[in-house]
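Let's read a model together, one feature at a time. Have the sequence and the 3D view open as we go.

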Amino acid sequence: MDKDPSWESLLARANAGDGAAFARFLTEISPSLRALIRARGTALPAHQHEDILQEVLLAIHLKRGSWRQGSPVRPWLYAVARYKIVDAFRRRNAAIHLPIDDYADSLEQDMPDTPLAARDADRLLDQIDHRSAALVRAIALDGDSAEEAGGRLGLSAGATRVALHRALKRLSQLAERMNR
């Protein structure tokens, strides 16, 4: 990116309320941001680069008050752009839909529970208090909701979640000791 010191003065003036300075600032930084987005977003479709630039410019407008006057603008701009580029990659990978029929033959069949795992779980659950063990069995092993499991034990949903968290923490500590 360009090291033009006028960027700092333009942004400082823009933050002081000078709209023309802000418009000029955005105009001057756009080519550098566009080049950065092109360089960092090579795996993204080219048509998305301009969309990312618009998101970056909008973020700069919304967050320009977070830039500390007297510090260089370039690293701040780079950080804003980097986050928007990462967001674009996340959005791209977030919604991949594949028909499962194409892969059904190659998927692993459900494996039966191993008797050792059940035995180890029972051994660990026997080492904590009855209520905690009942909560873990009901929620973590049987798939009941916190409301259902807590209702059977006379606990509110919130108290059930706290008790479950504590029971799982205790079980984790016990399992760690067993593996030493």
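Q: Let's begin with one side chain. Is Glu55 buried, partly exposed or exposed?
A: First, keep in mind that this is a predicted model. Glu55 comes out at 26%, so it counts as partly exposed.

Q: Which residue forms a salt bridge with Glu55?
A: The general idea is that side chains of opposite charge can pair when their charged atoms come close. Here the partner is Arg91, and the closest N and O atoms of the pair are 3.0 Å apart. Arg91 is partly exposed as well, at 46% relative accessible area. Glu55 belongs to helix H3 and Arg91 to helix H4, so this bridge ties together parts that lie 36 residues apart in sequence.

Q: How many salt bridges does the structure hold?
A: Eight in total. Another one joins Glu50 to Arg34, with 2.9 Å between the closest N and O atoms. Since Glu50 is in helix H3 and Arg34 in helix H2, that pair ties together parts 16 residues apart in sequence. Both ends are partly exposed: Glu50 has a relative accessibility of 35%, and Arg34 has 29%.

Then look at Glu147 and Arg161, whose closest N and O atoms are 3.0 Å apart in their salt bridge. Glu147 is partly exposed at 44%, and so is Arg161 at 45%.

Q: Now the nonpolar side. Which residues touch the most other members of the largest nonpolar core?
A: For a core, look for buried nonpolar side chains that are joined by contacts. The largest one here has 28 residues, and Phe25, Ile29, Leu33, Ile60 and Leu77 touch the most other members. H1, H2 (19–40), H3 (46–63) and H4 (73–94) are the elements that give two or more residues to this core. H2 gives the most, with eight.

Q: Which residues of helix H1 are buried?
A: Walk along residues 6–15 and you'll find Ser6, Trp7, Leu10, Leu11, Ala12 and Ala14 buried. After H1 comes Gly17, with a positive phi near 110 degrees.

Q: At what angle do H6 and H7 pack?
A: For a helix pair, check the angle, the axis distance, the handedness and then the side chains that meet. H6 (residues 130–141) and H7 (residues 146–153) pack at about 150 degrees, and their axes are 9 Å apart. Their crossing is right-handed. From H6, Arg131, Ala134, Leu135, Ala138 and Ile139 meet Ala146, Ala149, Arg152 and Leu153 of H7. Sorted by class, that contact has seven nonpolar residues, two charged and no polar ones.

Key
Residues numbered from 1 in each chain as written. Predicted model: local features only at pLDDT ≥ 70, side-chain atom pairs only at ≥ 80, totals over all residues. Heavy atoms only, no water. Axes fitted to C-alpha atoms, helices over the stretch in contact; angles between N-to-C directions. Helix = DSSP H or I, 4+ residues; strand = E, 2+ residues; numbered from the N terminus. Left-handed = near helix turned anticlockwise from the far one by under 90°. Contact = heavy atoms within 4.5 Å. Nonpolar A, V, L, I, M, F, W, Y, C, P; charged D, E, K, R; others polar. Buried < 20%, exposed > 50% of the residue type's maximum accessible area, 1.4 Å probe, protein only. Core = buried A, V, L, I, M, F, W, Y, C linked by side-chain atoms within 4.5 Å. Salt bridge = Lys/Arg side-chain N within 4 Å of Asp/Glu carboxyl O.
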